[in-house]
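Reader: Please go through the packing in this model with me, term by term.

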Amino acid sequence: MNTNKTKKVAGSGSDERQTISDMPIEGELEERMGVSYADQAAIHAGGMPGAAQDMANTGCMNTGNGNGMGGGGAGMDGGGGGANGQGGGTPQVRTCATMTVYRRLLNEDPSYARVRDEIENLAGLYEGDQGLAARSGVTTVPVVVHVVWNMAAQNISDAQVASQIDVLNRDYRHTNTDVANTPAPFLPLTADARVEFALATVDPHGAATSGIERRQTTVTSFGADDAVKSQATGGMNAWPADTYLNIWVCQLGGGLLGYAQFPGGPAATDGVVILQSAFGTIGTAAPPFHLGRTATHEVGHWLNLNHIWGDDGTGCTGTDNVADTPNQGGANTGTPSFPHVSCNNGPNGDMFMNYMDYVDDPAMFMFTAGQVARMQACLDGPRASIGTAAGGGGGATSRQSSSPVVAWGANRLDVFVAGTDSALYHKAWNGTAWAPSVTGYEAQGGIVTSAPQVVSWAPNRLDVFVTGSDSGLYHKWWNGSAWGPSLTGYEALGGLCLGDPRAVAWGPNRLDVFVVGTDRALYHKWWNGSAWGPSVTGYEAMGGICLGQPEAVAWGPNRLDVFVIGTDRALYHKWWDGTAWGPSVTGYERLGGICTSSPKAVAWGPNRLDVFVTGTDGALYHKWWDGAKWGPSIDGYERLGGVCVGEVEAVSWAANRLDLFVIGTDSALYHKAWNGTAWSPSLTGFENLGGICTSRPRATAWAANRLDVFVRGSNGALFHKAWNGTAWSPSVSGYENLGGVISCF
């Protein structure tokens with residue numbers, strides 16, 4: 001296999017993980033082969049001991065009639081500091097310290113600039129093609145409001161908080177009545193941001209909450225130094241920023257209305273801060289900032305929007321990085337009259353009514369489509385773990401490893417199998433029916449010797465990878481209207497591959513593919529949006545001697561985590577941090593265990609990984625990375641019970657939610673779930689879903705609380721069952737027969 005490599009684009013920083021030892025590579029193999037599995041288990045407590053627990057049996061899949069695979073189918077600058085009066089007089093001119101905070105973070109952390117560059121690159125892609133947004137539905141963001149008060153009048157009511165949530169929902173959904181006041185030339189540019197906000201109902205510990213917490217403080221007023229965000233400095237600590245939008249409401253000094261932290265900054269200070277008399281529409285809210293628009297403005301920053309004039313003072317050289325907002329000469333204040341011309345932007349002039357200007361609350365009432373594209377890029381990228389996308393394909397989950405099944409949008413499924421003639425076949429669920437039919441398939445040609453692997457980096461975009469009869473890697477793609485290079489044709493990507501490839505897409509028009517070569521080392525290639533690296537048929541050599549297939553996930557832009565099993569059957573890990581491979585290009589972090597399956601990994605949020613394998617007792621085992629360390633230990637595992645046959649399937653449809661599927665010794669399908677607090681039905685128990693399965697399970701989730709699971713039945717046909725949030729369909733132990741006679745899935 002070609003081992004040439006090229007330099008990658010700089011990215012998001014680095015980990016500080018302890019590296020235990022490299023995975024066995026050439027020259028070390030003999031030394032490791034002298035260690036028995038029993039000795040390894042004694043040395044590494046994470047070796048997988050324990051008595052076997054039989055899964056219950058019962059239930060057979062309705063096999064129906066085997067159908068041969070048919071053809072067919074057509075295919076922000078103000079400053080903080082200084083007291084503003086303990087009673088809380090409201091400033092008369094809008095000031096926002098977001099850019100002050102931004103510049104401070106740049107000075108404090110050199111890596112912050114690199115992270116922000118990545119985020120801007122992604123935002124540019126989305127504005128160029130708004131169809132890239134993975135969250136095709138409406139994202140609901142959980143909100144926690146931290147009320148920090150010194151005088152009783154500043155302890156705003158629950159009703160005042162609720163009034164602010166209502167304003168955010170109207171403004172971000174384009175349902176505010178005053179949007180109709182947008183001047184005619186700008187009205188067509190207004191847009192629904194497809195974001196809603198709801199006070200959190202569950203706190204970080206899993207307990208019920210109102211989404212509002214309060215503290216009386218001795219601090220008479222806060223500034224833009226983030227003191228309000230820490231219990232130690234008179235404020236309140238943030239809730240996990242990968243799950244909640246933190247809003248602090250307090251008395252601000254120096255005429256400051258509020259400020260936000262752009263995405264990509266420290267989690268402990270992530271969120272927005274609002275002056276208590278500029279929050280909501282009732283109670284202490286006072287004109288001219290009494291309509292809740294300060295929060296709308298600051299949350300815009302939190303979603304990566306810039307001030308509309310580009311923060312260049314009164315010059316005309318700045319930019320907000322949005323094409324459909326006119327260039328303007330500085331901030332507008334008060335209630336301007338239309339048109340207000342600056343920077344030669346006549347005849348329509350400044351878009352001063354935009355939420356990201358400095359006008360009074362009654363004078364701002366719209367976002368543009370370009371701003372919405374930036375916000376959607378933020379939700380798909382740096383804030384990918386925030387919220388759930390009801391009716392959307394993105395949700396809170398990160399980009400997972402490839403599989404023969406994928407969901408690129410709400411109520412959309414694409415399934416790929418190899419037929420008895422070794423050709424590739426495809427079927428799709430469009431929300432109403434299976435195409436080309438319930439039991440029919442679209443013939444896609446080729447001679448396939450691996451399970452097909454598919455990823456989707458945008459709605460209506462599919463990239464499929466298979467190993468061919470010459471052991472080379474092959475690729476085909478669906479661009480929304482046609483298959484490339486043709487319905488039955490493939491792009492040859494070279495190499496000599498053992499087993500299934502693994503692919504992941506961490507951003508629009510980006511693909512990373514991993515294969516095991518004939519020397520059993522790991523190899524990597526990537527598509528950067530314009531070319532394959534290191535070349536069309538070349539690969540980056542990543543060392544190791546691998547048993548089984550690799551696993552790869554991405555929990556953020558320009559981030560990859562790869563897992564393999566070594567010749568000592570321990571789990572090994574390497575990662576790409578945006579700049580370099582860790583622990584090295586060819587080195588691995590040893591995670592212990594004696595594994596009898598390939599690893600399955602899930603990333604349900606930034607810097608979170610959950611990995612599952614089976615042990616020598618056939619039981620399911622679990623370990624996790626929480627952003628700081630491996631749990632339960634670097635080489636230890638949580639035993640989840642069962643006696644599993646074959647590979648594990650894991651999927652996540654929301655933050656801190658996992659669903660696992662395995663095949664039991666009776667060939668039935670079994671399921672267990674993590675709800676954020678506990679495993680269900682129990683730590684070592686499983687739900688019996690029936691059937692007689694002759695393949696590993698494959699599952700996907702296209703919305704919150706929605707699961708679709710596929711297996712091959714005893715007659716070779718494809719079978720399907722679904723969880724709709726309430727029940728399994730067609731029944732707990734029943735399956736929908738999707739036909740075909742499948743050789744590889």
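Author: Contact here means heavy atoms within 4.5 Å. This is a predicted model: local features need pLDDT of at least 70, side-chain atom pairs count only at pLDDT 80 or more, and totals for chains, interfaces and linings use all residues. Residues are numbered from 1 along each chain as its sequence is written, and side-chain values use heavy atoms, with hydrogens and water left out.

Reader: Which residues does F197 touch, not counting residues up to four places away in sequence?

Author: The count leaves out residues up to four places away in sequence. With that exclusion, F197 touches V141, V143, I165, L168, N169, Y172, L245 and V299.

Reader: Which residues have the most contacts inside the largest nonpolar core?

Author: A nonpolar core is a set of buried Ala, Val, Leu, Ile, Met, Phe, Trp, Tyr and Cys residues joined through side-chain atoms within 4.5 Å. Buried means under 20% relative accessible area, exposed over 50%, and partly exposed in between, with a 1.4 Å probe and protein chains only. The largest such core has 49 residues, and those with the most contacts inside it are Y172, F197, I247 and V299.

Reader: Which element gives the most to this core?

Author: Helices (H or I, at least four residues) and strands (E, at least two) are DSSP runs, numbered from the N terminus. Two or more residues each come from β1 (138-149), α5 (158-172), β2 (195-199), β4 (245-250), β6 (272-275), α6 (293-302) and α7 (369-380). The element that gives the most, with five residues, is β1.

Reader: Is V299 buried or exposed?

Author: V299 is found in helix α6, where ten of ten residues are buried. V299 touches L168, Y172, F197, L245 and V272, again not counting residues up to four places away in sequence. Because its relative accessibility is 0%, V299 counts as buried.

Reader: How many Å apart in space are V299 and L245, C-alpha to C-alpha?

Author: In sequence, V299 and L245 are 54 residues apart. In space, C-alpha to C-alpha, the distance between V299 and L245 is 8.9 Å.

Reader: At what angle do α4 and α7 pack?

Author: Axes are lines fitted to C-alpha atoms, for helices over the stretch in contact, and angles run from 0 to 180 degrees between N-to-C directions. The axes of α4 (residues 110-128) and α7 are 8 Å apart. E120, L122, A123, Y126 and E127 in α4 meet G370, A373, R374, Q376, A377 and D380 in α7. The packing angle is about 130°.
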